[in-house]
Amino acid sequence: MTRGGQRDRDRERAAARAPAKGKGKDDGLTADQRRERDAKALQEKTAKKAAAAASGGGDAAATSTSKAAKK
């Protein structure tokens with residue numbers, strides 16, 4: 001018993017569903033632009049985390065290190 005027809009139908013259905021999920025890499029940016037955008041986002045994230053740590057906010061990294069120090 002072969003499943004050739006069913007397999008083809010399943011592939012067609014999967015291909016039809018694929019573009020609907022996720023945004024993919026088609027954001028109109030080149031690789032360099034994407035790299036710069038990601039680097040800027042990472043810098044903002046680390047600056048925000050450093051500011052929270054400096055102000056004594058409930059930083060998750062600080063609590064995990066204090067738990068490790070208690071052991």
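Arginine 11 is exposed, at 54% relative accessibility. Its partner is aspartate 8, and the two form a salt bridge whose closest N and O atoms are 3.9 Å apart. Aspartate 8 is partly exposed, with a relative accessible area of 42%. Both residues belong to helix α1 (residues 4-17). They sit 3 residues apart there, about one turn of the helix. This is a predicted model, and the distances should be read with that in mind.

**Overall layout**

The protein chain has 3 helices and 0 strands. Read from the N terminus, the order of elements is α-α-α. Of the 71 residues in the chain, 1% are buried. The chain exposes about 6600 Å². Carbon and sulfur atoms supply 55% of that area.

**Confidence**

Mean pLDDT for the protein chain is 79. A value of 70 or more is reached by 66% of the residues. Among the elements, helix α2 has the highest mean pLDDT, 94. Helix α3 (residues 60-70) has the lowest, 56. Where pLDDT is low, the predicted coordinates should not be read in detail.

**Helix α2**

Helix α2 covers residues 31-54, which is 24 residues. From its first C-alpha to its last it reaches 34 Å. That is close to the 34 Å expected at 1.5 Å a residue. What follows α2? Glycine 56 does, with a positive phi near 80°.

**Salt bridges**

How many salt bridges does the structure hold? There are 3. Side chains of opposite charge can pair when their charged atoms come close.

| Arginine | Aspartate | N to O distance |
|---|---|---|
| Arginine 11 | Aspartate 8 | 3.9 Å |
| Arginine 35 | Aspartate 32 | 2.7 Å |
| Arginine 37 | Aspartate 38 | 3.3 Å |

Take arginine 35 and aspartate 32. Their side chains meet in a salt bridge at 2.7 Å, N to O. Both lie in helix α2, and because they are 3 residues apart, about one helical turn separates them. Arginine 35 is exposed, with a relative accessible area of 53%. Aspartate 32 is partly exposed, at 47%.

Now arginine 37 and aspartate 38. The closest N and O atoms of this salt bridge are 3.3 Å apart. Is arginine 37 exposed or only partly exposed? Its relative accessible area is 40%, so arginine 37 counts as partly exposed. Aspartate 38 is partly exposed as well, at 41% relative accessibility.

**Accessibility of the pairs**

The cut-off for exposed is over 50% relative accessible area. Arginine 11, at 54%, therefore counts as exposed. Arginine 35, at 53%, is also exposed. Aspartate 8, at 42%, is partly exposed, and so is aspartate 32, at 47%.

Methods: Residues are numbered from 1 along each chain as its sequence is written. Side-chain values use heavy atoms; hydrogens and water are left out. Helices (H or I, at least four residues) and strands (E, at least two) are DSSP runs, numbered from the N terminus. The expected span of a helix is 1.5 Å times one less than its number of residues. pLDDT is the predictor's confidence in each residue, from 0 to 100. Buried means under 20% relative accessible area, exposed over 50%, partly exposed in between (1.4 Å probe, protein chains only). Accessible areas come from the Shrake-Rupley method with a 1.4 Å probe; for residues, only the protein chains shown count as cover. A salt bridge is a side-chain nitrogen of Lys or Arg within 4 Å of a carboxyl oxygen of Asp or Glu.
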